[in-house]
Amino acid sequence: MRVVSTKEAPAAIGPYSQGIVVNNLFYSSGQIPLTAEGSMIEGDVVEQTHQVFRNLQAVLSEAGASIETVVKATVFIKDMDDFGAINEVYGEYFSNHKPARSCVEVARLPKDALVEIEVIALVK
């Protein structure tokens with residue numbers, strides 16, 4: 001087991017890591033729209049979703065994986081009415097490669113984020 005940590009994504013804000021590699025699989029912690037410095041970005045759900053993907057790309061890269069090796073994504077959203085906008089951004093990152101996905105609306109996310117995404121990916 002290997003702990004993944006990069007300064008290119010926000011540090012964990014609790015007793016957990018950015019992700020873990022076990023054998024050839026990377027399990028990310030949920031990423032919310034914090035900058036690498038730990039500040040919540042201002043903006044709508046589209047801008048927040050792009051920041052989440054920037055964070056995911058950073059931890060995936062550090063793990064030796066990439067968007068193209070993601071096998072499962074879980075999307076947590078504050079308001080299911082935002083699903084269309086989030087899905088459009090999601091499709092920009094997963095255009096040719098389409099991993100399995102779950103999407104759920106939740107009552108509240110850390111730091112009152114509008115979206116959080118976690119992934120499982122194959123390590124190259």
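## Threonine 49 and its contacts

Leaving aside the neighbours within four places in sequence, threonine 49 is in contact with Ile86, Val89 and Val115. In this predicted model, threonine 49 has its place in helix 1, which covers residues 45–63. Threonine 49 counts as buried because its relative accessibility is 0%, and the cut-off for that word is under 20% relative accessible area.

## Strand 4 and its partners

Strand 4, made of residues 70–77, is mostly covered, since six of its eight residues are buried. On strand 6, the pairing with strand 4 is antiparallel and runs over seven bridges, and within strand 6 it is valine 115 that stands opposite isoleucine 77. Valine 115 is also one of the residues in contact with threonine 49.

With strand 5, by contrast, strand 4 pairs in the parallel sense, over six bridges, and the bridge partner of lysine 72 in strand 5 is alanine 100. Strand 4, helix 2 (residues 83–93) and strand 5 together make a right-handed β-α-β unit.

## Two residues with positive phi

Most residues other than glycine have a negative phi. Asparagine 23, although not a glycine, has a positive phi of about 55 degrees; this residue is found in the loop between strand 2 (19–22) and strand 3 (25–28), and with a relative accessible area of 74% asparagine 23 is exposed.

Aspartate 112 is likewise not a glycine and has a positive phi, of about 60 degrees. Aspartate 112 lies in the loop that runs between strand 5 (100–105) and strand 6 (115–122), and it counts as partly exposed because its relative accessibility is 45%.

Notes
Residues are numbered from 1 along each chain as its sequence is written. This is a predicted model: local features need pLDDT of at least 70, side-chain atom pairs count only at pLDDT 80 or more; totals for chains, interfaces and linings use all residues. Side-chain values use heavy atoms; hydrogens and water are left out. Helices (H or I, at least four residues) and strands (E, at least two) are DSSP runs, numbered from the N terminus. Buried means under 20% relative accessible area, exposed over 50%, partly exposed in between (1.4 Å probe, protein chains only). Contact means heavy atoms within 4.5 Å. Two strands pair if DSSP finds at least two bridges between them. A crossover is right-handed if, with the strands pointing away from the viewer, the path from the first strand over the helix to the second runs clockwise.
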